[in-house]
Amino acid sequence: MKWLFNIFKTKEEEKLEPMKKFLIVGLGNIGSEYVNTRHNIGFKILDFFANQESLSFQNVKLGAITEYKIKGRTILLLKPNTYMNLSGKAVQYWMEKENIAKENTLIITDDLNLSFGTIRIKTKGSDGGHNGLKSIQQLLNTTEYPRFRFGISDEFKKGQQVKYVLGEWGEEEKETLKERLKLSAEIIKSFALAGLNNTMNTYNGK
């Protein structure tokens, strides 16, 4: 009967519908060797959210995806399988396929310039040397898209950045992550329900 209902949708309803759909992209690398690395915090946050809400990811074109519905809104969670450097391919493809505006797309990424566990939600910004953001910027041809930056700190010796970023969390960090993951799940819901500006005001600095 769903097809019958769709026939009677008004033009106004069709215009409004895309505004009720959101794409949350967690950046990371596929493969068991990357699962618990700092660079994969985007994947980790989405996995936590999915587990909390009893959702299952399905392997699809350019990634793994699952859907969550809340108060008339649809949230798509996407983990690109392109590896970090080509993240933009998956983001662009799913934005276009699902007709989701960049304002309704939230990119979750690790950030060396923030102390561990610090959260910064922004409406735009440079790639900051992050290859995933660089790829997204190139394919979307803009730096103006919402991003959720999760601090991993820069506690590494000179020349050790790659090893640090692709290294696993320390024991103390793992303990702190439990609370930070819960907060991150709240942010995803807030983005869809309260909007970007309200979410920034509520969670930045927490």
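I looked up Ser 190 and found it buried, with a relative accessible area of 12% (buried means under 20%, exposed over 50%, partly exposed in between, with a 1.4 Å probe and protein chains only). I place Ser 190 in helix α7, residues 171-193 (helices are DSSP runs of H or I with at least four residues, strands runs of E with at least two, numbered from the N terminus). Beyond its neighbours within four places in sequence, I find Ser 190 in contact with Gly 195, Thr 199 and Tyr 203, contact meaning heavy atoms within 4.5 Å.

I note that this is a predicted model, in which local features need pLDDT of at least 70 and side-chain atom pairs count only at pLDDT 80 or more, while totals for chains, interfaces and linings use all residues. Residues are numbered from 1 along each chain as its sequence is written, and side-chain values use heavy atoms, without hydrogens and water.

I then checked pLDDT, the predictor's confidence in each residue from 0 to 100, and its mean for the protein chain is 90. Over residues 1-5 pLDDT stays under 50.

Next I turned to the aromatic pairs, of which the structure holds 5 (ring centres of Phe, Tyr and Trp, its six-membered ring, within 6.5 Å; planes under 30 degrees apart are stacked, over 60 edge-to-face, the rest tilted). Phe 22 and Phe 191 form an edge-to-face pair, 5.9 Å centre to centre with 75 degrees between the planes. Phe 22 lies in strand β1 and Phe 191 in helix α7, so this pair ties together parts 169 residues apart in sequence.
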